[in-house]
Amino acid sequence: MKTDKKLFSGKTIAILTGGGDTPALNSSIESIRNRAMILGYKVYGIRKGWKGLLGDGEIVDLTNQHYDGWHGGTALNSSRTNPFPSKKNPENRVPQILKNLQRYKIDVLVSIGGDDTNGAAKKLFETEGIPVIGFPKTIDNDLRTRTIHSFKNKEIEAVICPGFPSAARGIADFASRMRTTVDSHSRIIVLEVMGRDAGWLTGTAAYGGADLALIPEFEITKEKKEAFLNAVKEKYNSSKRKSLILAISEGVRWFDDNTGKTEKIFASSEVDEYGHPLFGGVSGVVASEITRKTGLEARAQATGYYARAGRCGCYDRRMTQALADKVTDLLLRNDYGQMPVLSKVVKYEELEEYNTKSIDMGDIGNKALPEEYYDSNKFNFTEVYFDFLSNILGPQQLTVFNHNFPVVKP
Ligand code: F6P
């Protein structure tokens, strides 16, 4: 939607971050803030996501303030507050939000978030005419950014969301480090990886050296479980050090022998305001079943919030700057209801505005892992996914200690 707003209007833009934090949020905020300031905007930060626009509002002034974009997480804080009525909170908070946008004289809203936060922003744009610009983020990498991955003359619809590259680096390194401990004990470690209903992040553990992987996109039925346990035994027996690292998505659907159902495993029965449950515990279930049914020693290890923690990586830093350049473009053209994304999968050096595009916020939504990226018969990721990841992470860095000591006989 175009409006008649003028260049260098000196008006006010406000930024909020919603949903789970990522290491790239402060970089996104700082990059958008810097560019908006050049255009003459006063830049506000809305604290705690949509929550900061409720009640009296919690707004801070970011204009001309020191801001460290390399620092992970979000200095604005985040929440999973839903402006619209939900099962958990039936109240319609839109009138409060509209009132505060008026009280603080906010002209443009930038919502940094995943499908939930940006979905709500899109709805405010469509139903209330609020000028919004969406900005992607999620370590789960499941927001439909329509980023094209070219592989051997094939074009695959992929996703790259700010936050994922830093989380991917963390999980790949985490898996790689596990090698020394599994080798030392000749055992199996079942690594649980965040990502909700998508396996993108779990694949980065495979890139870091995990031997087999299970993802939410393929349910582990009774038959599949049998096949998986056989694959585990075979892989273990053929491994050099009699050790394995298994990467398991937190959202995997696993057959339960007692109930006869194939289900996800949750940490609690609570759901958030967008209806999402909290996953957790699948690695423990899988590890104990491996031990019980194969006799192999298996341990569970949840990678948990490690994926979200720490500093912004270089890829994320440069990507958020390139996407913020696109925000400048949208502001100059008064083009709202849009979200900047990478148009194609590129290496670090090519993270520039000319490799970005903007998509209608009405077109976003969740995107599962493309089928080319995972082989459900081999319980593993494919070379196509590794090619995708090599653009973001560079060459694979595996932990390997080659030794073959001669055995001494008495
Ligand atoms: O969506 C990001 C994410 O980290 C998921 O991978 C995970 O399931 C969820 O958030 C955890 O949410 P919370 O921060 O509410 O514990």
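This is a predicted model: local features need pLDDT of at least 70, side-chain atom pairs count only at pLDDT 80 or more; totals for chains, interfaces and linings use all residues.

Reply: Residues are numbered from 1 along each chain as its sequence is written, and side-chain values use heavy atoms, leaving out hydrogens and water.

Me: What describes two packed helices?

Reply: The angle between their axes and the distance between the axes. Here, helix H4 (residues 164–185) packs on helix H9 (residues 383–393) at about 105°, with axes 10 Å apart. That makes H4 roughly perpendicular to H9 (angles of 65 to 115 degrees count as that).

Me: Which residues of H4 and H9 meet?

Reply: Phe164, Pro165, Ala168, Arg169 and Ala172 in H4 meet Tyr385, Phe388, Leu389, Ile392 and Leu393 in H9; contact means heavy atoms within 4.5 Å.

Me: And at what angle do H6 and H7 pack?

Reply: Helix H6 (residues 222–238) and helix H7 (residues 282–294) sit at about 75°, their axes 11 Å apart. So H6 is roughly perpendicular to H7. On the H6 side, the contact includes Phe228 and Leu229, and on the H7 side Val286 and Ile290.

Me: Now the ligand: which atoms lie 2.9 Å apart?

Reply: Look for polar contacts, pairs of N or O atoms within 3.5 Å. A polar side-chain atom of Arg80 is 2.9 Å from a ligand oxygen atom. A ligand oxygen atom also lies 2.6 Å from a side-chain N or O atom of Glu250, and one is 3.1 Å from a polar backbone atom of Gly195.

Definitions and conventions. Axes are lines fitted to C-alpha atoms, for helices over the stretch in contact, and angles run from 0 to 180 degrees between N-to-C directions. Helices (H or I, at least four residues) and strands (E, at least two) are DSSP runs, numbered from the N terminus. Angles under 35 degrees count as roughly parallel, over 145 as roughly antiparallel, 65 to 115 as roughly perpendicular and the rest as oblique. A polar contact is a pair of N or O atoms within 3.5 Å; within protein, one must be able to donate a hydrogen and the other to accept it, and residues adjacent in sequence count only if both atoms are side-chain atoms.
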